[in-house]
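Visitor: I have a few questions about how the labels in this model were reached. Could you take me through them?

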Amino acid sequence: MIWHSASLEAVQDELKTVLETGLNTEVVAERLRQYGENRISEKKGKSLLSRFSDQLKDFMVIILMVAAFVSLVTAFFSSDPDWIEPIIIVAIVILNAFLGVFQESRAEAALAALKNMAAPSAKVLRGGQMETVPAWELVPGDVIFLEAGDYIPADGRVFESASLKCEESALTGESIPTDKAADGELEDIAPLGDRFNMVYSGCCVAYGRGKVVVTGTGMDTEMGKIATILENTGDSVTPLQIKLAQLGKSLGLLALAICGLIFIVGIFFGNKEIALPTRVLEMFMMAVSLAVAAIPEGLPAIVTITLAIGVQQMVKRHAIVRRLPAVETLGNASVICSDKTGTLTQNRMTLTAVYNGRKVIELGGDEPGEDVLMLLRLGAMCCDGRVEIVDGKEKHTGDPTETAIVAAALRLIGLTRDQIDNQFPRMTELPFDSDRKLMTTVNIIDGRPFAVVKGAPDIVISRCTSPNEAALRANEEMGSRALRVLGVAVKPLDEVPSNPTFAELEHGLTFVGLLGMIDPPRPEAADAVKVCKSAGIRTVMITGDHVVTASAIARSLHILEDGEEALTGEQLDQLSDGELYANIEKYSVYARVSPENKIRIVRMWQKKGEVVAMTGDGVNDAPALKAADIGCAMGITGTDVAKGAAAMTLTDDNFATIVSAVRQGRGIYDNIKKAVHFLLSCNLGEIITIFLGILIFRIPVLLAIQLLWINLITDSLPALALGMEPAEHDIMTRKPRKKDESVFAGGMGIDAIWQGCLIGVLTLIGFTLGRHFAAGHFPGQDDLITRYGQSVALCVLAVSQLFHAFNARSSHSIFKIGLFSNLYMLGAFFCSLALTMGLFIFEPIRDAFGLAALHTSEGLEIFLLSIVPVAVCEIVKLVRHMIRKK
């Protein structure tokens, strides 16, 4: 049965209950067995051990563990074992896993939060007697009592209402309380936010009281349906995780190929004077060392550290990230689906326009006249809301439309709630109800009692002594701007009535004016949307508010442009998946949507190949937050359910913070890409050096331990420093990356190849010059000549890589971005240089690494060779810049 559209009699018959007496104990026990307890079910979360093991399933990590194992075996059979490399690899993997587990330790909290939102107890009618029972005991057919302040324990149909209002933002996303009534008709397809005769579990009663018959409990409630969707919504894999997995597989295969190739080349083209078994063992060790060098084992740690640093920086920008890869994913966002209330708007109704009987006046401009001030006084008299200044900020208590009027009186007239009550004492009142759509108070003004009436403009105007077509037109004009409009009228009285009636106080009125209010856009939201457009990011508004209001706000923020449309949830339900897929790019606003609608919108954009960021604060947002590539929950107004489902929480509920986080995310991806570029070009340089060295010289240009030193010191420290690069100035003018874009896109793969070849050739030149110098000074000492050449090659390779790190900082000239804009890079440069030079200073270390003491004249030679990559890359950058300008 569709509970909201069925007649009350049909609901009563379907539930087999009696509204006057409720259910008896036997029926309750039977239904409790039939429907189960009124609880949200919860699937078991992953254990700490399971989450830790998940961190070790990454292909790159598996390759590193295999490399560590091979290194251990090689060291075990070596006459001069080196245990440092495998120990460091294992330590990196374990540290990386612990960091990942730490960041995700609060994952899967959404269903637990849903469970905790259930009301602890309920007032229920059983056998004609009111009882207070645990909420989990409720069953369909129970009759429950609700009053202001109560949490609603189950879904139900209202059959008696006394000015009942419910705050349903957890389900609809809109903070303005909804009037509830027993009478009236609804269509089957009425959106959840329009179902005035229903109340829903997890929401609360804001005003009045009522009686409700329970229609759904546990997983059969709207909250339960969301829990089901949330449970069936898998965690999305981020673009970065996909790219790193692909990179890991590629590097793993490359390492195996290199290992085999170098081994074969060394056996057949190596020094034939060395015995075959010895040559096989040496070449196997060299091949393994080179294969390990081909895999940047520091990359997972560098990625994790870069993301973790980004997380800390984002905290300062009011964004808390729960899962590390989410930082980069946000930078890849091409569509942001944003809630309206509180994110794009201020989440506070504000009086922005009034009609004084002659014209519509915008507030906030010229000083208001006395007629406007009188309208504000009268409106504030007929309000129960309060506005207080606490710690320099306004604290609003009560109905948002009333606090908007009281706040305007405070700002423009300087009247507080207490001053209003003292100057214009309220003698009696007729409370607002949804049937009359009016509220009336009797106040003493200048010593005489007046009835002050506030309510729906058309009804207020119809109760006045003379027709007012101008006021009706003003109401239409203000309503077309999505303003929430209230009419104000007065009636002088001879005396304060002892028993006031509607007929006595709310007829024969004198019209005073109209009050127009709206939840206005955040001042910074328009600029943030503009930045998104320049960055190629589409902003889409998804809200539970009415389509007219949503469209007006969207137009003011330039989210809804000419040629684009607004769609209601009802209209969306009528579209097939094919129709929505074909037309989704023309819809910029979705209003009155359900949780299922939100997931459908997110998934359709994802089907288009877009990376979708989704914001939300209510329970109804949780499934879409989890389904999106990056879910952003609101920290102030957000429910625990939304925060548990999202990967990121905005502590200031501000759309501009999302845009700031996008910039941060793009910078982080840039830095990871720079680190990959640097590491691969350096590792390729090492491969070229060893491979060509064996072919040309028939001896290894570098020893295994020297390669490992390069890989761990002069590669890793600068790569870490690249992770600290500030975001480039033009980063928010670039279009978003495609979801399937390779990490090597934009020519990075080609650059890494030719730059690696350049470094390898320069190292071979250094080896040749070193051997030539040694041959002249130490004739006939072949071992010393070789060691001297290897020492020069090590220096050229190490220093050229350190200089090359500056090339990797940007596609712009290093002189344009500034040498001192990243002090971490300077620190990494000089630290790595000092450590490498230290190998030659202390004789025991020098001997352990198979190095020779270098002549001072080699310094200039090493410097000139090492600076070549900088000079060549600067020339290439200049040529590319000139081509782009053309």
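Predicted model: local features only at pLDDT ≥ 70, side-chain atom pairs only at ≥ 80, totals over all residues.

Visitor: What makes β23 and β24 a pair?

Guide: The cut-off is at least two bridges between the strands. β23 and β24 have three, in the parallel sense, so they count as paired under that cut-off. Within this pairing, C632 stands opposite M648 of β24.

Visitor: Which strand pairs with β23 over four bridges?

Guide: That is β22 (residues 612-616), again in the parallel sense. A633 of β23 is the bridge partner of G616.

Visitor: Why is β23 called mostly covered?

Guide: Five of the five residues in β23 (residues 630-634) are buried. I630, C632 and M634 point one way, G631 and A633 the other, and all are buried. In a regular strand, side chains alternate between the two faces of the sheet.

Visitor: Let us turn to the rings. How many aromatic pairs does the structure hold?

Guide: There are 10 aromatic pairs. One of them is Y355 with F511, at 6.3 Å centre to centre and 45° between the planes.

Visitor: Why is the pair of Y355 and F511 called tilted?

Guide: Ring centres must lie within 6.5 Å, and planes under 30 degrees apart count as stacked, over 60 as edge-to-face, the rest as tilted. With 6.3 Å and 45°, Y355 and F511 form a tilted pair. Y355 belongs to strand β10 (residues 350-355) and F511 to strand β18 (residues 510-518), so the pair ties together parts 156 residues apart in sequence.

Visitor: How do you know whether Y355 is buried or exposed?

Guide: Buried means under 20% relative accessible area. Y355 has 3% relative accessibility, so Y355 counts as buried. F511, at 16%, also counts as buried.

Visitor: What makes the pair of F697 and F767 edge-to-face?

Guide: The ring centres of F697 and F767 are 4.9 Å apart and the planes are at 65°, so the pair is edge-to-face. F697 lies in helix α26 (residues 655-697) and F767 in helix α29 (residues 748-777), so parts 70 residues apart in sequence are tied together.

Visitor: How do you know that the charged end of K165 sits over the ring of Y207?

Guide: One requirement is that NZ of Lys lies within 6 Å of the ring centre. The charged end of K165 sits over the Y207 ring, 5.8 Å from its centre. R737 lies over the face of Y669, at 3.4 Å from the ring centre.

Technical notes
Residues numbered from 1 in each chain as written. Heavy atoms only, no water. Buried < 20%, exposed > 50% of the residue type's maximum accessible area, 1.4 Å probe, protein only. Helix = DSSP H or I, 4+ residues; strand = E, 2+ residues; numbered from the N terminus. Phe/Tyr/Trp six-rings, centres within 6.5 Å; stacked < 30°, edge-to-face > 60°. Lys NZ or Arg CZ within 6 Å of the ring centre and 35° of its normal.
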